[in-house]
Amino acid sequence: TNMSHGEGSALAVPATCSSIKKGGHILLKDKFPCKVVQLSTSKTGKHGHAKAHAFGNDIFTQKKCEIVFPTSHNQMVPVIKKHEVEVVDIDGDEFEYMDDEGEVHSHQMPGTDQDWVDQFRKAVADDKECTVTIMYAMGKSKAISFRE
């Protein structure tokens with residue numbers, strides 16, 4: 001799926017430690033976008049910097065991640081975009097959708113860990129109009145929700 005979601009635009013941008021909040025996002029090891037679920041800071045030790053300690057979940061795999069960094073340093077934050085698409089059909093483990101220009105594309109079906117997938121398959125089988133939200137970050141994409 002090569003949606004024109006800002007080709008050439010940055011995949012991640014620097015952010016100050018103070019701008020990173022619970023519920024926000026942070027980049028782990030320069031490539032894993034994580035949603036922050038817990039954030040704490042420690043006082044300056046006798047040898048240096050105060051540290052921030054972030055716990056999160058990878059937005060694509062849900063794997064837990066942990067990041068410790070000096071509060072004086074900027075952290076990279078992933079640029080996350082969401083795009084709603086109109087579903088045309090489901091073909092095995094992919095669904096087909098139409099973009100704003102009327103072109104049909106295919107996208108991998110979300111895993112069965114997503115509780116809405118069965119409802120989605122049934123709605124499409126019943127010829128209902130369905131819209132899927134696709135999340136894009138770090139050059140990857142994932143279908144995250146649908147509505148009729």
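Reader: Is Glu 84 buried, partly exposed or exposed?
Author: The model is predicted, and the accessibility is computed from it. Glu 84 has a relative accessible area of 44%. Buried needs under 20%, and exposed needs over 50%. The value falls in between, so Glu 84 is partly exposed.

Reader: Which side chain meets Glu 84 in a salt bridge?
Author: The contact runs from N to O at 2.7 Å. A salt bridge requires a distance within 4 Å, so the pair qualifies. The partner of Glu 84 is Arg 147.

Reader: How many residues apart are Glu 84 and Arg 147?
Author: Glu 84 sits in strand S7. Arg 147 sits in strand S11, residues 140-147. The pair links distant parts of the chain, and the separation is 63 residues.

Reader: What is the relative accessibility of Arg 147?
Author: Arg 147 counts as partly exposed. That class lies between the 20% and 50% limits. The value for Arg 147 is 45%.

Reader: How many salt bridges are there?
Author: Glu 84 with Arg 147 is one of them. Asp 126 with Lys 122 is another, at 2.9 Å from N to O. Glu 148 also bridges to Lys 128, with the closest N and O atoms 3.8 Å apart. The count is 3.

Reader: Which parts of the chain does the pair of Glu 148 and Lys 128 tie together?
Author: The two residues are 20 residues apart in sequence. Glu 148 lies in the segment after S11. Lys 128 lies in the loop between helix H1 (117-125) and strand S10 (131-137). So the pair ties the segment after S11 to the loop between H1 and S10.

Reader: Which residues gather in the patch of negative charge?
Author: One member, Asp 89, lies in strand S7, residues 81-91. Asp 89 is partly exposed, at 37% relative accessibility. Patch residues need over 30%, so Asp 89 passes that limit. The patch on the surface consists of Asp 89, Asp 91, Asp 93, Glu 94 and Asp 127.

Reader: What is the area of the nonpolar surface patch?
Author: Val 88, Met 98 and Val 104 make this patch. Val 88 is in strand S7. Val 88 is partly exposed at 44%. The patch covers about 240 Å².

Reader: Which residue in the turn between S2 and S3 has a positive phi?
Author: Strands S2 (residues 25-28) and S3 (residues 32-42) pair in the antiparallel sense over 4 bridges. Leu 28 stands opposite Phe 32 in S3. The hairpin leaves 3 residues between the strands. The residue with positive phi, about 50°, is Lys 29.

Reader: What distance separates the C-alpha atoms of Gly 111 and His 83?
Author: Gly 111 lies in the loop between strand S9 (104-108) and H1. Gly 111 is partly exposed, at 33%. Gly 111 and His 83 are 28 residues apart along the chain. Their C-alpha atoms are separated by 19 Å.

Methods. Residues numbered from 1 in each chain as written. Predicted model: local features only at pLDDT ≥ 70, side-chain atom pairs only at ≥ 80, totals over all residues. Heavy atoms only, no water. Patch = residues over 30% accessible without salt bridge, like charges linked within 9 Å, V, L, I, M, F, W, Y side chains within 5 Å. Areas by Shrake-Rupley, 256 points an atom, 1.4 Å probe, with all protein chains shown as cover. Lys, Arg positive; Asp, Glu negative; His and termini not counted. Charge placed at Lys NZ, Arg CZ, Asp CG, Glu CD. Buried < 20%, exposed > 50% of the residue type's maximum accessible area, 1.4 Å probe, protein only. Pairing = 2+ DSSP bridges.
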